[in-house]
Amino acid sequence: MKHFLRLAAAPVLAGALLVSAASGPANADTTQTDAELAAEWQTAWDTHAFYDTTPPAPDSGRSRATSQISIQIDRPIQQVFTAYSNINNHIGPNPFLKRVATHKEWRQEATRYVNLTAIEEIPYEGATVTNKVYAQQRLNTASFSYETDTWSEPAVVTHQKITFRVLAPGRTVVTENLTFDADATLIDFVAANGTAAHQQTQAGLKQAIENGTI
């Protein structure tokens, strides 16, 4: 799920500052219940349809950018897929990710669906900005792949497909195909910093998996 424009402060600060400018001072909010977050998730799903992969219309004021990043992890594919696809394991490798609230899980044929909200806390100029990422993850164990769609302020949508491939016995290549949709004035920033954030997360997950800490 790894959306998450988030592993250096820069990726989220543009969005966080836009949100805080509109809504007042931004402070950490870790008091919401899972039920409250689930209601917000449903509103984001119904309102913003972040599952829709249709490119932004030319007259919408929004743009799309894509990128692809890969990393080699020196562990067997099943171990890597299990650890990497568990978003709770991103707490730690992503220094700002503090909590993952899972709202619903179910299986349909070969795919396991997970609806979740990721809570990030980003320190900025003496305050803490809370960033909530609403996501649906779809995992296919048979093909060693998963997809994640997310929505977060300021109206940033990501579509991610992560694939796992055996490079050699005990070695796995993880490839993330990332699609970012955002306001046309922010898309370059969102794509560049979002991609960098995912690369930083990849490096942290590689270290944790190879060290056996996740």
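**Reading the fold, strand by strand and helix by helix**

Tutor: Let us start with Thr-163, which is found in strand β6. Helices (H or I, at least four residues) and strands (E, at least two) are DSSP runs, numbered from the N terminus.

Student: What should I know about the model itself?
Tutor: This is a predicted model, where local features need pLDDT of at least 70 and side-chain atom pairs count only at pLDDT 80 or more, while totals for chains, interfaces and linings use all residues. Residues are numbered from 1 along each chain as its sequence is written, and side-chain values use heavy atoms, with hydrogens and water left out.

Student: Is Thr-163 buried, exposed or partly exposed?
Tutor: Buried means under 20% relative accessible area, exposed over 50%, and partly exposed in between (1.4 Å probe, protein chains only). Thr-163 counts as partly exposed because its relative accessibility is 27%.

Student: Which residues does Thr-163 touch?
Tutor: Contact means heavy atoms within 4.5 Å. Leaving out residues up to four places away in sequence, Thr-163 touches Phe-144, Ser-145, Val-173, Val-174 and Thr-175. The C-alpha atoms of Thr-163 and Tyr-146 are separated by 6.7 Å, and these two residues are 17 apart along the chain.

Student: How many helices and strands does the protein have?
Tutor: There are four helices and seven strands, and from the N terminus on they run α-α-β-α-β-β-β-β-β-β-α. Of the 214 residues, 46% count as buried.

Student: Which residues have the most contacts inside the largest nonpolar core?
Tutor: The general idea is that nonpolar side chains tend to be buried together in soluble globular proteins. A nonpolar core here is a set of buried Ala, Val, Leu, Ile, Met, Phe, Trp, Tyr and Cys residues joined through side-chain atoms within 4.5 Å. The largest one has 23 residues, and those with the most contacts inside it are Ile-73, Tyr-84, Tyr-146, Phe-164 and Val-174. Two or more residues each come from β1 (62-73), α3 (77-84), β2 (97-108), β3 (111-124), β4 (127-140), β6 (156-168) and α4 (187-211). The largest share of this core, five residues, is from α3. Apart from it lies another core, of 10 residues, including Ala-65, Ile-69, Leu-186 and Ala-191.

Student: Which residues of α3 are buried?
Tutor: Ile-77, Val-80, Phe-81, Ala-83 and Tyr-84 are the buried ones. They pack against β1, β4, β5 (145-152), β6, β7 (171-183) and α4.

Student: At what angle do the axes of α3 and α4 cross?
Tutor: Axes are lines fitted to C-alpha atoms, for helices over the stretch in contact, and angles run from 0 to 180 degrees between N-to-C directions. The axes of α3 and α4 come within 11 Å and cross at roughly 125°. That makes α3 oblique to α4, since angles under 35 degrees count as roughly parallel, over 145 as roughly antiparallel, 65 to 115 as roughly perpendicular and the rest as oblique. Gln-79, Val-80, Ala-83 and Tyr-84 of α3 meet Gln-202, Leu-205 and Ile-209 of α4.

Student: And where is Arg-171 found?
Tutor: Arg-171 is found in strand β7, and it counts as partly exposed because its relative accessibility is 42%. Its C-alpha atom is separated by 5.6 Å from that of Pro-76, 95 residues apart along the chain.
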